[in-house]
Amino acid sequence: MKSLLTFNFEVDKTTDTISVTREFAADVPLVWEAWTTAEMLDQWWAPRPYETKTQSMDFRNGGRWFYAMVGPEGDKHWCVADYSDIDFQKSFSHLDAFCDENQVLNTQMQRTQWKSTFSKKGENTIVNVLLKYEKLEDLEKIIEMGFKEGFTMAMGNLDELLEKVKN
């Protein structure tokens, strides 16, 4: 497997944002597919030993991804992602939330506005992810929950999946 060519994770407490830049050793169409199809997301999105189990996915403007992160003991952490501003193989946004098994949002937890952009760099793909929080406390809470570590692990899972799919 190729080593990470680009990886940057920055927290900006003045703007309540997290910015992640990550390079993947695959072309834009394949990386886009990995980020936008349930079949592929289920194979990499959750940090191990958790697994992602999609219940439903409608990747379109106004659509929703409803999934659970399932722990090794079978515990389920339900989430939704509400999609908007999709520009095929270039970018998309989504507003995520924790919820219950009926998609009722957990109002005790913050929602996060994500914007993911995809660009070609030679034979590779650069993904830039900008996460925006309503307030500093929400940003700090997600960091305390281990977001950086979990998302970094998920990016490694995606590297492994892309390598396997390409071969």
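**Exercise 1. Work out why helix H1 counts as largely enclosed in this predicted model.**

Solution. 
- Helix H1 covers residues 28-36, and seven of its nine residues are buried, so the rest of the structure largely encloses the helix.
- The buried residues are Val28, Leu30, Val31, Trp32, Ala34, Trp35 and Thr36.
- Now look at the N-terminal end. Asp27 caps H1 there. A side-chain oxygen of Asp27 sits 3.1 Å from the backbone nitrogen of Leu30.

**Exercise 2. Decide whether Thr36 is buried or exposed, then find its partners.**

Solution. 
- Apply the cut-off: buried means under 20% relative accessible area. Thr36 has 8% relative accessibility, so it counts as buried.
- Check the polar side: a polar atom of the Thr36 side chain lies 2.7 Å from the backbone oxygen of Trp32.
- List the contacts, leaving aside neighbours within four places in sequence. Thr36 touches Leu41, Met57, Phe59 and Phe92.

**Exercise 3. Find what ties H4 to the loop between helix H2 and strand E3.**

Solution. 
- The structure holds nine salt bridges. One of them joins the side chains of Arg48 and Glu160, at 3.0 Å from N to O.
- Arg48 is in the loop between H2 (38-44) and E3 (51-57), while Glu160 is in H4. The two are 112 residues apart, so the pair links distant parts of the chain.
- Both partners are partly exposed: Arg48 has a relative accessible area of 44%, and Glu160 has 36%.

**Exercise 4. Trace the salt bridge of Arg111 and the network around it.**

Solution. 
- Arg111 pairs with Asp82, with the closest N and O atoms 2.8 Å apart.
- Arg111 lies in the loop between strands E6 (91-99) and E7 (112-121), and Asp82 lies in strand E5 (residues 76-87). They are 29 residues apart.
- Arg111 is partly exposed at 24% relative accessibility. Asp82 is partly exposed at 21%.
- Compare another pair. Asp138 bridges to Lys135, with the closest N and O atoms 3.6 Å apart. Asp138 is buried at 12%, whereas Lys135 is partly exposed at 41%.
- Finally, the network: salt bridges with shared partners join Arg64, Asp82 and Arg111.

Conventions: Residues are numbered from 1 along each chain as its sequence is written. This is a predicted model: local features need pLDDT of at least 70, side-chain atom pairs count only at pLDDT 80 or more; totals for chains, interfaces and linings use all residues. Side-chain values use heavy atoms; hydrogens and water are left out. Buried means under 20% relative accessible area, exposed over 50%, partly exposed in between (1.4 Å probe, protein chains only). Helices (H or I, at least four residues) and strands (E, at least two) are DSSP runs, numbered from the N terminus. A polar contact is a pair of N or O atoms within 3.5 Å; within protein, one must be able to donate a hydrogen and the other to accept it, and residues adjacent in sequence count only if both atoms are side-chain atoms. Contact means heavy atoms within 4.5 Å. A salt bridge is a side-chain nitrogen of Lys or Arg within 4 Å of a carboxyl oxygen of Asp or Glu.
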